[in-house]
Amino acid sequence: MNAPPSRKALGAGAVGAVALGLGLAVVLGAVPANPVRFDGIEDLPLPGGADLGPHPYTVTAELDDVLSLVPQSAVKVNDVAVGRVTAIELGTGNWTARVTLKINGDVRLPADAGARLEQSSLLGEKYIQLVAPRKDGGGRLTDGSVIPLARTNRNTEVEEVFGALSLLLNGGGVNQLKTITRELDAALGGREPEVRSMLDRVNTLVTNLDAHRGDITRALDGVNRLSATLAGRKKDVDTVLTGLSPGLKTLENQRGSLLTMLRALDTLSGVAVSTVDASKEDMVADLKALAPTLTALADAGADLPESLQVLLTYPFTDEVMRGIKGDYLNTYLHIAAVPGTEVIPPLIPRAEPTPAPTPPTPDPASRGRAGTNGVTSGPHPALPLPPVSTGSPPAPATTPQDGGEKP
């Protein structure tokens, strides 16, 4: 009898048969030339995963740290699975992770949506939570959209919580709680009313600030506008500051003169104060003495302006002119010579006296009214006055108006 074939021979034969079958399949076209890549069990979809639908779209999210996130992890919106993670890669140029997400085509998300790495429970699986902003900025996430690093974050890990707790328990702060409590008791002990009053004042301050939020906001907006205006006029401000430099230098050079002037003003103020103090009683007495005069002027009232009207238009005041009836006014001039004055009588150059002219008969229509002194109102011829001698040489005689000759 022939010996049965060994296991090695059977394995080689099976491998050869598989290879022969694959070759025939390739030749016959039953198997594609590029077979589907299979990197391990992680390429297999998890049972109970999200339904991607017939037309899913792909979105890429950038995260600082993906921790224990793996492919095929869920992608959720409001804790409802809408997709899964298909790939996790290292970002180019920066130490960040690029996570590829495949989302159901029926799920519509805003273009500015964010992504957050979360954990289902304390020891549960990791997943990506897509978060829509409070205000929709318009647009939608589409195939190929990228969620930048600024809109992604992650929750605190359990390891970080345990690390902080261990730091607190192992020499962190537990041993110092007694010291902290003792110091607080020493600081607040016996000062309860003051601390309570301080807390009340802080509460009042915070309440007032809260009540004036609008005013504070407007003030900050005003400061913002002022800053924008100054930024827009930077050249003008630079010009002003540059122009102030010579003036400041001049003030610096005249600093001694300014100090001297200020000292002199200080001395003058001291002298003025001492002078006022010394003359205070006299000034008060003068003001008291002026009181009757001012009272009399105040009592005169409207009489004083009326008397000034008569005085400033003397002798032909308005009041006098109102009392004159007619077209003419006779004026008489009386001259009184100083004692010792020599009066020279007038010379009569003509030898024979001329007959006095007969006055014309007055026209009744042009006859003036008689004055109060019995003199008829009307024009009168000018009468020559005799020259007056005051001891000086006599003045030259003038030609008489009546046709006489010079002496």
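In soluble globular proteins, nonpolar side chains tend to be buried together. I103 touches P56, Y57, V59, V82, G83 and L130, not counting residues up to four places away in sequence; contact means heavy atoms within 4.5 Å.

The model is predicted: local features need pLDDT of at least 70, side-chain atom pairs count only at pLDDT 80 or more, and totals for chains, interfaces and linings use all residues. Residues are numbered from 1 along each chain as its sequence is written, and side-chain values use heavy atoms, with hydrogens and water left out.

The protein chain has 10 helices and 10 strands. Helices (H or I, at least four residues) and strands (E, at least two) are DSSP runs numbered from the N terminus. Buried residues make up 13% of the 407 residues in the chain, where buried means under 20% relative accessible area, exposed over 50%, and partly exposed in between (1.4 Å probe, protein chains only). The accessible surface of the protein chain comes to about 33,000 Å², of which 61% belongs to carbon and sulfur atoms; the areas come from the Shrake-Rupley method with a 1.4 Å probe, and for residues only the protein chains shown count as cover. Among contacts between residues at least 6 apart in sequence, 64% join residues at least 24 apart.

An open sheet is formed by 8 strands in the order β7-β1-β4-β3-β2-β6-β5-β8, with mixed pairing. Strands β7 (145–147) and β8 (152–154) stand at the edges with a single partner strand each, so one side of each has no neighbour in the sheet. Two strands pair if DSSP finds at least two bridges between them. Strand β2 (residues 74–77) pairs with strand β3 (residues 80–90) in the antiparallel sense over 4 bridges. The bridge partner of K76 in β3 is A81.

Q72, in the loop between β1 and β2, has a phi of about 75 degrees and is buried, with a relative accessible area of 15%. D79, in the loop between β2 and β3, has a phi of about 65 degrees and counts as exposed at 52% relative accessibility.

Two polar residues in strands are also buried. Q129 lies in strand β6 (residues 126–131) and has a relative accessible area of 6%. A polar atom of the Q129 side chain lies 3.1 Å from the backbone nitrogen of N78. A polar contact is a pair of N or O atoms within 3.5 Å; within protein, one must be able to donate a hydrogen and the other to accept it, and residues adjacent in sequence count only if both atoms are side-chain atoms. Beyond four places in sequence, Q129 touches K76, V77, N78, D79, G114, A115, R116 and E118. T152 lies in strand β8 and counts as buried at 12% relative accessibility. The T152 side chain reaches the backbone oxygen of E62 at 2.5 Å and that of L149 at 3.1 Å.
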